[in-house]
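Please keep the sequence and the three-dimensional view at hand while reading.

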There are 2 protein chains.
Amino acid sequence: MSSQAGSERLTVMVLGADGYIGWPMAMHLSQLGHRVIAVDNLSRRRWDREGGTYSLVPLHTMGQRVRRWGLISGRQIEWRRADLRDFAAVDRLFAEFEPHAVIHFAEQRSAPFSMVDRAHAELTQVNNVVGTLNILFAIRDRVPDCHLIKLGTMGEYGTPNIDIEEGYLDIEHNGRRDRLPFPKVPGSFYHLSKVHDSNNIYFATRAWGVRATDLNQGVVYGVETPETSLHPDLNTRFDFDSLWGTALNRFCVQAAVGQPLTVYGKGGQTRGFLDLRDTMACITLALENPAARGECRVFNQFTEQFSVLELAELVARLRREQGLETTVAHVPNPRVEAEGHYYNAKHQLLLDLGLQPHYLSDTLLNSMIRTVEGLADRVDPVLLEQPSVSWKTGGNEVWDRYSNRERATSAS
Amino acid sequence: MSSQAGSERLTVMVLGADGYIGWPMAMHLSQLGHRVIAVDNLSRRRWDREGGTYSLVPLHTMGQRVRRWGLISGRQIEWRRADLRDFAAVDRLFAEFEPHAVIHFAEQRSAPFSMVDRAHAELTQVNNVVGTLNILFAIRDRVPDCHLIKLGTMGEYGTPNIDIEEGYLDIEHNGRRDRLPFPKVPGSFYHLSKVHDSNNIYFATRAWGVRATDLNQGVVYGVETPETSLHPDLNTRFDFDSLWGTALNRFCVQAAVGQPLTVYGKGGQTRGFLDLRDTMACITLALENPAARGECRVFNQFTEQFSVLELAELVARLRREQGLETTVAHVPNPRVEAEGHYYNAKHQLLLDLGLQPHYLSDTLLNSMIRTVEGLADRVDPVLLEQPSVSWKTGGNEVWDRYSNRERATSAS
């Protein structure tokens, strides 16, 4: 597959192309000259309607986005609505396009959503596991040489008291040695679903010789890439509610509307982070340097570590520098997680492939906050009431309030 | 929960009570004086009808079994037909019986069945994962003190080049230490489903304080317990086909009908084994010495290790001692697995609780072969054609032949 490296035009299927990363990824690869098939079942928009959540940045439909992209770039993204749980649909896509690679974002990706109740746990695990199984079988039977690039999460590892390696660990035990999958202790039914996927994918590489790159991605921030900036129709999502948003997004919105920045518990929860533009670069590097047949390559995809409290203090400092007093408030932690722990996760393999990181800068953070300030009148204060889902008991009255409100709206 | 130890009468729900181990387990616990609720959806009997397979030992219906058990023992087993994927049904069972413990056998448990095709892989993983999720939520919301005893498999570990510990491994890495889940490399979609379950259960113990014992069981042999021997209506299953049977059962049947004993590949595949009566004892020990709240206790449940070739040679030697020439034939291995490997799995924790093993003896093997000889006219030779499912390509012409035959029969 060395022929895939460099400037060859590849046929790439982007699954979950309506999502926060999927849409900019589709444009980025199209811009690089690859043939891009964008696939989504639009479930994320449906979950927004059902739960009363929404992207702060206004979104256009996939049809509008693809049309606008064609007009501006002169390049075509082929858009197909399909549900990965429907194997017949998956099989048709692989038979029709015979992709060189498939980039798989198409999963339910919210930890709190997976913890709302039993039905949300089941939905998350069945959706994610069955979708990925269907892709693996379609690759085996239709395009065995296809490279699966699968989005996982750094959250699969949890917070062990040892250094986190990239996917595998060399273990010496009772005088013998082996290289085995890094032991994972995921912290929600969502994170568990990603571990289930990783185990299924690793098996498919061993049993069938599938090529796979499993990306354990950190928390992604930023809303702009060179392509999204070309036209408002090409925007991607910005989630800030407690179900879909990240802590950093929440802090930006709270800062913009003058509320305290709410940190869950002590705030010592440390995670890996990366810029949306670096996500584009990492996945492009994986695509253009594919895994070998039968290889299950694991990259930890992030560039820096921060604790939640560090991020809150970073935002507060920036605001103070602009003369805007901003406080940090500690609220009870709805999650079951360590609030202070050792964390040292390796992330060398993508650097070795040539990644040039954009580190989190005051400039970028200020730009994010300015974007949010321009949209402050779209912030529904109910969505800043924290938190709506408890790890121990599931969705609470805030969850009920906004999801019921939406149901009331739908019924009217 | 020390009050549960010893002779207290417990309310125990046996899920999968129509199965090979589930049915003798239900009787064993009833005989010990516990209140037993036997639950099954009878899917195993349906899969037999669909696939043209059957138990060599004739089986009676659950209704007949429970009636006979009541007449003979004077004890009542409460029998309920229910599907664990139906949460409303699970919730009703937990609300009605408020069990002290639930013993969960109710999963699709055949590796080859899970490898037949995509649909069988999905069925296996969704059935097993969703059933277990439903139990975990019912425990959380209905009976938080209930002890979940879950049947897993030694096959979750695969065949690492280091000693296999019981569930967890103390790891030293770069000068730091942690105790983490033992890394697992399962070898089929079925084995993967058990790993998914184990990960979900471990999470529920951490997040919700569920009590759990996860039993990584070896290959079980034998068809008799003190209770099954009381009356033919109380028999349990004996599977010998390549989908549901074990290698040892296949060897016994091949010996009884005078065919060569077929070993997959070199036969160096080494596994843990135990007597059906020891399974009864292990699970009773786990039941009467429950896990603490929030504890996810893992036991490796087997008593001896054998390679497949050792077992074939054992059966062949016994036959030769009776003047019956028996040969061992190596056939192409349908599975993707190591055929010669290091294997040293620990199994101390159940011994520490008091397990007194029955090791595999010539007497027991001869008794199994005699049982099979008495039923030799029930052996369908198609079911001895090996193997019907390939790990690389799924069900083959043998699978098609006998499953189609059944479909033809059903249609007539």
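## Terms and conventions

Two strands are said to pair if DSSP finds at least two bridges between them. Helices (H or I, at least four residues) and strands (E, at least two) are DSSP runs, numbered from the N terminus. This is a predicted model, in which local features need pLDDT of at least 70 and side-chain atom pairs count only at pLDDT 80 or more, while totals for chains, interfaces and linings use all residues. Residues are numbered from 1 along each chain as its sequence is written, and chains are lettered from A and ligands numbered from 1 in the order in which they are written.

## Chain A as a whole

Chain A contains 13 helices and 16 strands. The C-alpha trace of chain A spans about 60 × 55 × 40 Å along its principal axes.

Of the 412 residues of chain A, 54% count as buried. A residue is buried if 20 or more other C-beta atoms lie within 10 Å of its own, exposed if 12 or fewer, and partly exposed in between, with C-beta atoms placed from the backbone. Two residues are in contact if their C-beta atoms, placed in that way, lie within 7 Å. Among contacts in chain A between residues at least 6 apart in sequence, 82% join residues at least 24 apart.

## Strand 10 and its surroundings

Strand 10 of chain A pairs with strand 14 (residues 328-331) of chain A in the parallel sense, over four bridges. Within strand 14, A:Ala329 is the bridge partner of A:Thr262. In a regular strand the side chains alternate between the two faces of the sheet. Strand 10 (residues 261-264) is covered on both faces: A:Leu261 and A:Val263 are buried on one side, and A:Thr262 and A:Tyr264 on the other.

A:Ala312 belongs to helix 10 (residues 308-321) of chain A. This residue is buried, because 27 other C-beta atoms lie within 10 Å. Not counting residues up to four places away in sequence, A:Ala312 touches A:Phe251, A:Leu261, A:Val263, A:Gly267 and A:Val328. A:Val328 is 16 residues from A:Ala312 in sequence, and their C-alpha atoms are 6.7 Å apart in space.

## A buried loop residue

A:Gly218 lies in the loop between strand 8 (211-217) and strand 9 (219-221) of chain A. It is buried, since it has 24 other C-beta atoms within 10 Å. Beyond residues up to four places away in sequence, its contacts include A:Met154, A:Arg271 and A:Phe302.

## The two chains together

Chain B can be laid on chain A with an RMSD of 0.0 Å by a turn of 180° and a shift of 0.0 Å along the axis. The two copies are therefore related as by a two-fold rotation axis. The superposition is by least squares on the C-alpha atoms of residues with pLDDT of at least 70 in both copies.

The contact between the chains takes 39 residues from chain B and 39 residues from chain A. On the side of chain B that touches chain A, helix 6 of chain B gives the most, with 10 residues.
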